[in-house]
Amino acid sequence: MKKRIALMVISALVAVSGYAQFEEGKSYVGANLTGLDFSYSGAKKFSGGVGAQLGYFLFDDFMVLGDFEYQRNGIAKTNDFLLGAGMRYYIEQNGIYLGVNAKYLHNNHNYNDVMPGVEVGYAFFIDGHVTIEPALYYQQSFKSHKDYSSVGFRIGFGYTF
């Protein structure tokens, strides 16, 4: 019985603190591990990388963000740099977010591309400010769909203030 009551109290605190962080005027800083050998595209097969994000809640539940990523692929020997901007909509009741973005890709083989994408993720609040954010994403390549469009999984950490 004590465990059940403790679980209900913790759930209520997480829900209240989660709601408070999706308010207009809040800022966001995040870092993520992208790919984690789960990202797949035709040219790279499996790859991994790191990224950083800065965001701002323009309205309740609606965030705009800037994104920078570095991805490394040992098989194709490419270093990819991605710079982008996007938007996220957070569903307050459960912490799920839906995102759209556009990224500019440049790699060490002088390949350049613009890649729009979508993602769905979950913002799990550890405390009132820190989140763990697993997400699934899809990036569409305009230049070479077969080789550079990718589907993947990323795990991120965010701080909202």
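Visitor: Hi! How do the residues lining the largest cavity divide into nonpolar, polar and charged?
Guide: Hello! In this predicted model, the lining of the largest cavity has 5 nonpolar, 3 polar and 4 charged residues.

Visitor: And what volume does that cavity have?
Guide: The largest cavity comes to about 80 Å³.

Visitor: Which residues are closest to its centre?
Guide: Look for Gln71, Leu82, Met115, Gln139 and Ser150, which are the closest to the centre among the 12 lining residues.

Visitor: Which elements give two or more residues to that lining?
Guide: Four strands to find in the structure: strand 3 (62-73), strand 5 (96-107), strand 8 (130-139) and strand 9 (150-160).

Visitor: Stepping back, how many cavities of 30 Å³ or more are there in the whole structure?
Guide: The search turns up 4 of them.

Visitor: How does anyone spot empty space like that?
Guide: A probe the size of a water molecule is rolled over the atoms, and that shows where space is left empty.

Visitor: OK, new topic: how much space lies in the second largest cavity?
Guide: The second largest cavity holds about 70 Å³.

Visitor: Which element gives the most to its lining?
Guide: That's strand 4, with 4 residues. Strand 4 covers 78-90, and strand 3 and strand 5 also supply at least two residues each.

Visitor: Which residues line this second cavity?
Guide: Among them are Gly84, Ala85, Gly86 and Met87, along with Leu65, Asp67, Lys103 and Arg154.

Visitor: And how do they divide into nonpolar, polar and charged?
Guide: Evenly: the second largest cavity's lining has 4 nonpolar, 4 polar and 4 charged residues.

Key
Residues numbered from 1 in each chain as written. Predicted model: local features only at pLDDT ≥ 70, side-chain atom pairs only at ≥ 80, totals over all residues. Heavy atoms only, no water. 1 Å grid on protein atoms, 1.4 Å probe; cavity = no way out; pocket = protein on both sides within 12 Å on 5 of 7 lines; lining within 4 Å. Points joined across faces, edges and corners; volume = space filled by probe spheres on them. Nonpolar A, V, L, I, M, F, W, Y, C, P; charged D, E, K, R; others polar.
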